[in-house]
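Here is a short briefing on salt bridges. Look at the charged side chains as you read.

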Amino acid sequence: MPSDHTGVLIAGGMMMVVGWAGLYWLITTQKVGLGPEIWLFFVLLHMAIVGTVLPLVRYLNARLTPLEREPASGGVIVRQSVWVGLFVVICAWLQIPRVLTLPMAFFLALVFVVIEAFLRLREANFEED
């Protein structure tokens, strides 16, 4: 395991604990409103999701990377986890006015996958030079 992966996993664990504990506190003690509570909810949800999926994203990158290629850097793993967190937050935000549909969620996820694929392709091209 590369050394930057250890730091990323520790940071992800801290984000997960702070995010889920903050969400628990927010949901159990605060009144529902469209003021600062909703924005705090989205920030904590993003932290919780990013911290939770970070080990899974690291595992998938380590498992699916061919042996002849270098493993993904910690920055790539964090970026991919942030995409997942952003997807969940946008879906939660779209669910407030009840406009989220399955096709909309699918195409939103597809947009994030395509953006990440282009970024990885660009990184691979810069590594060859």
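E123 is partly exposed, with a relative accessible area of 25%. That value falls between the 20% and 50% cut-offs, so E123 counts as neither buried nor exposed. The model is predicted. Three salt bridges are counted in it. R79, E116, R120 and E123 are linked in a network of these salt bridges.

**Bridges made by E123**
- E123 meets R79 in a salt bridge, at 2.8 Å from N to O.
- This pair links distant parts of the chain, with R79 in helix α3 and E123 in helix α4, 44 residues apart.
- E123 also forms a salt bridge with R120, where the closest N and O atoms are 3.5 Å apart.
- Both R120 and E123 lie in helix α4, three residues apart, which is about one turn of the helix.

**The R79 and E116 bridge**
- R79 forms a salt bridge with E116, and their closest N and O atoms are 2.8 Å apart.
- R79 lies in helix α3 (residues 74-95) and E116 in helix α4 (residues 102-128), so this pair ties together parts that are 37 residues apart in sequence.

- E116 is buried, with a relative accessible area of 10%.
- R120 is partly exposed, and its relative accessible area is 26%.

**Background**
- Side chains of opposite charge can pair when their charged atoms come close.

Notes
Residues numbered from 1 in each chain as written. Predicted model: local features only at pLDDT ≥ 70, side-chain atom pairs only at ≥ 80, totals over all residues. Heavy atoms only, no water. Salt bridge = Lys/Arg side-chain N within 4 Å of Asp/Glu carboxyl O. Helix = DSSP H or I, 4+ residues; strand = E, 2+ residues; numbered from the N terminus. Buried < 20%, exposed > 50% of the residue type's maximum accessible area, 1.4 Å probe, protein only.
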